[in-house]
Amino acid sequence: MADIVDAKTRSRMMAGIRGKDTTPEVRLRKALHSAGFRFRLHSAKLPGRPDIVLTRFHAAVFVHGCFWHRHEGCRNASVPKSNAAFWAEKFAKNAERDAMNLTGLKELGWRVAIAWECAIRRRGAADVAAELADWLISGGAEIEIG
């Protein structure tokens, strides 16, 4: 199926997609804050600039978009049919960068959590925040909420 907009419009639309302060990220931050957790945002000192950094717990949280970070088994992780080679390369680079950032954080002794946007949307930010809270307090090494 052909794209319903021209290439210039599609380019403008894709350029407008934010990397920070996305709706799922803001909802999760509000829920964590309401639960009493205090954190920093997008720390440039850490690999991958985690979305939420809880220094007290030595933990970093990434809020991943299912499309861009290829959430396995998620219906939101569809692959565009046009320009398939471009998208395959883009997704591969994203996955490689995610793995490097995760490894870098672990090597520095940080605990890492990944919260997928579909989980925040489906279960609600408060439920995901509660699961993160349990993980933070328990001292677990790594968690993926999706």
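Residues are numbered from 1 along each chain as its sequence is written, and side-chain values use heavy atoms, with hydrogens and water left out. Because the model is predicted, local features need pLDDT of at least 70 and side-chain atom pairs count only at pLDDT 80 or more, while totals for chains, interfaces and linings use all residues.

Start with the pocket. A pocket is found on a 1 Å grid over the protein atoms alone, where a 1.4 Å probe fits; it is an open set of points with protein on both sides within 12 Å along at least five of seven lines. Lining residues have an atom within 4 Å of a point. Grid points are joined across faces, edges and corners, and the volume is the space filled by probe spheres set on the points. The largest pocket has a volume of about 680 Å³. Its lining counts 26 residues. Nearest the centre of the largest pocket lie R18, G19, V63, W68 and H69.

Which elements each supply at least two residues of this lining? They are α2 (23-34), β3 (59-64), α3 (66-69) and α4 (84-107). These names come from DSSP runs, numbered from the N terminus: helices are H or I with at least four residues, strands are E with at least two. Helix α4 gives the most to the lining, with five residues. By type, the lining holds seven nonpolar, 10 polar and nine charged residues. Here Ala, Val, Leu, Ile, Met, Phe, Trp, Tyr, Cys and Pro count as nonpolar, Asp, Glu, Lys and Arg as charged, and the others, Gly among them, as polar.

Now look at two residues and their contacts. H64 sits in strand β3. H64 is buried, with a relative accessible area of 7%. (Buried means under 20% relative accessible area, exposed over 50%, partly exposed in between, with a 1.4 Å probe and protein chains only.) Contact means heavy atoms within 4.5 Å. Not counting residues up to four places away in sequence, H64 touches H69, D98, I114, A115, W116 and E117.

I120 belongs to helix α5 (residues 117-123). I120 is buried too, at 4% relative accessible area. Setting aside neighbours within four places in sequence, I120 is in contact with P24, R27, L28, V63, A115, A125 and V128. The C-alpha atoms of I120 and D21 are 14 Å apart, though 99 residues separate them along the chain.

Next come the cysteines. A disulfide is a covalent bond between the sulfur atoms of two cysteines. The search counts a pair of cysteine sulfur atoms within 2.5 Å. How many disulfides does the whole structure hold? The search finds zero. The sulfur of C74 has its closest cysteine sulfur in C66, 3.7 Å away, so it is too far for a bond. The sulfur of C118 also has its closest cysteine sulfur in C66, at 3.6 Å, again too far for a bond. C74 is buried at 16% relative accessibility, and C118 is buried at 8%.

Turn to the aromatic rings. A pair is described by the distance of the centres and the angle of the planes. Rings of Phe, Tyr and Trp (its six-membered ring) pair if their centres lie within 6.5 Å; planes under 30 degrees apart count as stacked, over 60 as edge-to-face and the rest as tilted. The structure holds seven aromatic pairs. One of them joins F37 and F57, a tilted pair at 5.7 Å centre to centre with 55° between the planes. F37 lies in the loop between α2 and β1 (40-41), and F57 in the loop between β2 (52-54) and β3, so this pair links distant parts of the chain, 20 residues apart. F37 is buried at 8%, and F57 is buried at 19%.

F67 and F91 form an edge-to-face pair, 5.3 Å centre to centre, with 85° between the planes. F67 lies in helix α3 and F91 in helix α4, so the pair ties together parts 24 residues apart in sequence. F91 is buried, at 8%. F67, W68, F86, W87 and F91 form one aromatic cluster.

Finish with the backbone. Most residues other than glycine have a negative phi. D21 has a positive phi, near 55°. D21 lies in the loop between α1 (7-15) and α2, and is partly exposed at 38%. N83 also has a positive phi, about 60°. N83 lies in the loop between α3 and α4, and is exposed at 54%.
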